[in-house]
Amino acid sequence: MKNFLPSDFLVHIGPECILCGRCVRECSFGVLEQKEGRIIAHHARCVACQRCVVFCPRSAIAILPHPSTSRHNAYWTPEQRRALLRQAQTGAILLAGAGNDQPYLSIWDHLLLDASQVTNPPIDPLREPMELVTFIGRKPDHLEIVPDENGELRLATELPPQLKLDTPIIFGAMSLGAVNLRVHKILAEAARRAGTYFNCGEGGLHEELYPYGQNTIVQVASGRFGVHQRYLDAAAAIEIKIGQGAKPGIGGHLAGEKVTEEIARTRMIPPGTDAISPAPHHDIYSIEDLAQLIYALKEATNYSKPVGVKIAAVHHVAAIATGAARAGADFLTIDGFRGGTGAAPLVIRNHVGLPLEIALAAVDDRLREEGIRHQVSIIASGGIRSSADVIKAIALGADAVSICTAALIALGCTLCQACYTGRCAWGLTTQDPELIKRLDIDEGVERVQNLLRAWTLEIKEVMGALGINAIESLRGNRERLRSIGLDVHTQEVLGVRPAGM
Ligand code: SF4
Ligand code: SF4
């Protein structure tokens with residue numbers, strides 16, 4: 001069948017080229033070829049991963065939008081027509097990696113933070129301590145403080161298990177299989193150094209990462225991959241994955257060719273077989289069923305660690321969240337529709353779910369209305385891009401946030417969306433041993449650690465401007481937010497007043 005698909009990109013090789021061949025070696029999609037004394041580009045294969053551009057010693061390469069165009073049509077956009085042609089050619093569901101890239105409103109960018117002036121003056125974070133320590137887990141209904149035999153007051157209430165975060169940022173769930181072991185090693189080490197946690201995702205925890213257990217949140221998902229007693233015991237917390245923001249309502253599929261010996265051993269499945277995560281947990285069809293699994297995991301780990309639930313942001317997210325809280329979840333991860341994925345059907349990724357901002361505000365409100373907000377911590381995830389997003393998420397009601405795509409970008413990801421091909425040129429979402437070598441663990445740890453450090457410093461700066469010295473004072477404090485350019489209904493859901501009021 002003749003390929004009717006026009007190329008997305010044009011790879012331009014400039015006259016500065018010295019024919020060193022580096023770009024040919026770096027391209028993992030077979031775009032570039034050295035032939036007859038020149039570099040030839042197969043433009044149609046280019047995904048704009050930018051690897052050749054970064055590594056060309058002469059900066060001779062530019063990847064451009066393909067200049068060939070057809071008649072403008074605002075309704076039948078080039079993306080619509082392209083998707084249609086791909087389906088006419090393959091008859092298959094279209095897949096994409098990374099997260100929802102559609103031009104829906106980014107509410108973060110319509111929220112502005114307050115600052116203190118004159119009274120309640122700002123605080124200089126360089127001179128005064130700023131408290132960012134955050135505890136994730138169920139808080140008691142009340143605290144009992146009693147005098148000991150010396151008359152000193154002491155806390156008599158036994159606190160439920162908590163995660164202690166030195167900065168309110170966690171590395172979110174990316175499974176071994178979706179990413180490779182080097183990515184996990186980088187995130188685990190960076191989490192340990194920063195006094196926070198990494199979530200190993202639903203593909204189990206590799207043997208080499210057990211020493212990082214106390215900085216690890218392990219997942220129990222519908223496929224139950226890699227779940228066993230030692231796995232649960234090793235972790236600092238357990239997260240039951242019900243849904244994922246990038247693909248709510250559907251399961252996952254790790255193709256057999258990505259199931260290497262290492263991944264197979266960790267997931268406890270035969271090498272080379274497809275790893276299918278069913279859409280539902282086959283033992284959960286009600287909140288009562290969820291409560292049973294939470295109870296079983298707490299029993300299995302002797303009530304020694306928080307057990308949370310991750311849900312995708314969907315229409316009735318607030319009701320689902322309170323149900324999960326009442327089912328005994330110690331924390332809730334709310335995953336918005338901008339969350340990343342290794343592979344998702346394009347139609348789901350682009351059209352299902354809710355913005356994290358809306359879901360977060362709705363969940364925080366509902367938990368407060370029902371008087372159970374203290375019983376459960378909220379982790380906001382799905383498209384957190386900057387320290388500003390972190391601060392706004394906390395002001396909307398989160399205790400902490402988790403980041404995935406931001407961490408991958410720090411490691412080189414250029415959001416080319418080709419993760420599902422397994423050919424990630426940056427060595428992240430690939431199991432190809434040669435491509436994996438591109439990811440240097442020590443350098444990766446440094447990059448991710450730098451990112452966390454920079455965001456943490458910025459959070460302190462903003463807290464100083466807000467005149468607060470403890471991040472706790474900001475949690476759910478929507479009075480410190482104003483909206484700009486949002487409609488009245490969205491403002492109501494967010495519980496944020498318009499700028500000027
Ligand atoms: S890496 Fe740059 S200089 Fe080397 S062959 Fe490719 S375009 Fe030419
Ligand atoms: S992880 Fe790799 S393949 Fe996926 S979007 Fe980023 S650069 Fe592209």
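Trainee: Why is R349 called buried?

Mentor: The relative accessible area of R349 is 1%. Buried means under 20%, exposed means over 50%, and partly exposed is in between (1.4 Å probe, protein chains only). R349 is therefore counted as buried.

Trainee: On what basis are such values given?

Mentor: The model is predicted, so local features need pLDDT of at least 70 and side-chain atom pairs count only at pLDDT 80 or more, while totals for chains, interfaces and linings use all residues. Side-chain values use heavy atoms, without hydrogens and water; residues are numbered from 1 along each chain as its sequence is written, and chains are lettered from A and ligands numbered from 1 in the order in which they are written.

Trainee: What makes the pair R349 and D101 a salt bridge?

Mentor: A salt bridge requires a side-chain nitrogen of Lys or Arg within 4 Å of a carboxyl oxygen of Asp or Glu. The N to O distance between the side chains of R349 and D101 is 3.0 Å, and the pair is listed as a salt bridge. The two residues come from distant parts of the chain, 248 residues apart: R349 belongs to helix α9 (residues 346-351), D101 to the loop between β5 (95-96) and β6 (111-113). Helices (H or I, at least four residues) and strands (E, at least two) are DSSP runs, numbered from the N terminus.

Trainee: Is D101 buried, partly exposed or exposed?

Mentor: D101 has a relative accessible area of 42%, and is therefore partly exposed. The whole structure contains 32 salt bridges.

Trainee: How do you know that R224 and D283 form a salt bridge?

Mentor: Their side chains meet at 2.8 Å, N to O, and the pair counts as a salt bridge. The pair links positions 59 residues apart, with R224 in the loop between β13 and α5 and D283 in the loop between β16 (275-277) and α7. R224, at 27% relative accessible area, is partly exposed, and D283, at 39%, is partly exposed as well.

Trainee: What places D365 and R478 in a salt bridge?

Mentor: The closest N and O atoms of D365 and R478 are 3.2 Å apart, and the two form a salt bridge.

Trainee: How do the accessibilities of D365 and R478 classify them: buried, partly exposed or exposed?

Mentor: D365, at 26% relative accessibility, counts as partly exposed. R478, at 8%, counts as buried.

Trainee: Why is helix α8 called largely enclosed?

Mentor: Of the 10 residues of α8 (residues 317-326), 7 are buried, so the rest of the structure largely encloses this helix. The buried residues are V317, A318, A321, T322, G323, A324 and A325. They pack against α7, β17, β18 (331-335) and α10 (356-369). After α8 comes G328, with a positive phi near 110°.

Trainee: What makes a set of residues a nonpolar core, and which residues have the most contacts inside the largest?

Mentor: A nonpolar core is a set of buried Ala, Val, Leu, Ile, Met, Phe, Trp, Tyr and Cys residues joined through side-chain atoms within 4.5 Å. The largest has 121 residues, and F171, L332 and I334 have the most contacts inside it. Helix α14 (residues 441-466) gives the most to this core, namely 8 residues.

Trainee: Why is this core said to lie between domain 1 and domain 2?

Mentor: Domain 1 (9-92) and domain 2 (161-498) both give residues to the core, so it lies between them. A second, separate core has 11 residues, among them L165, I217, A236 and A237. The domain bounds come from an automatic or database domain assignment.

Trainee: How many residues of each domain are in contact with the other?

Mentor: Contact means heavy atoms within 4.5 Å. By that criterion, 13 residues of domain 1 are in contact with 11 residues of domain 2. The domain centres, taken over C-alpha atoms, are 33 Å apart.
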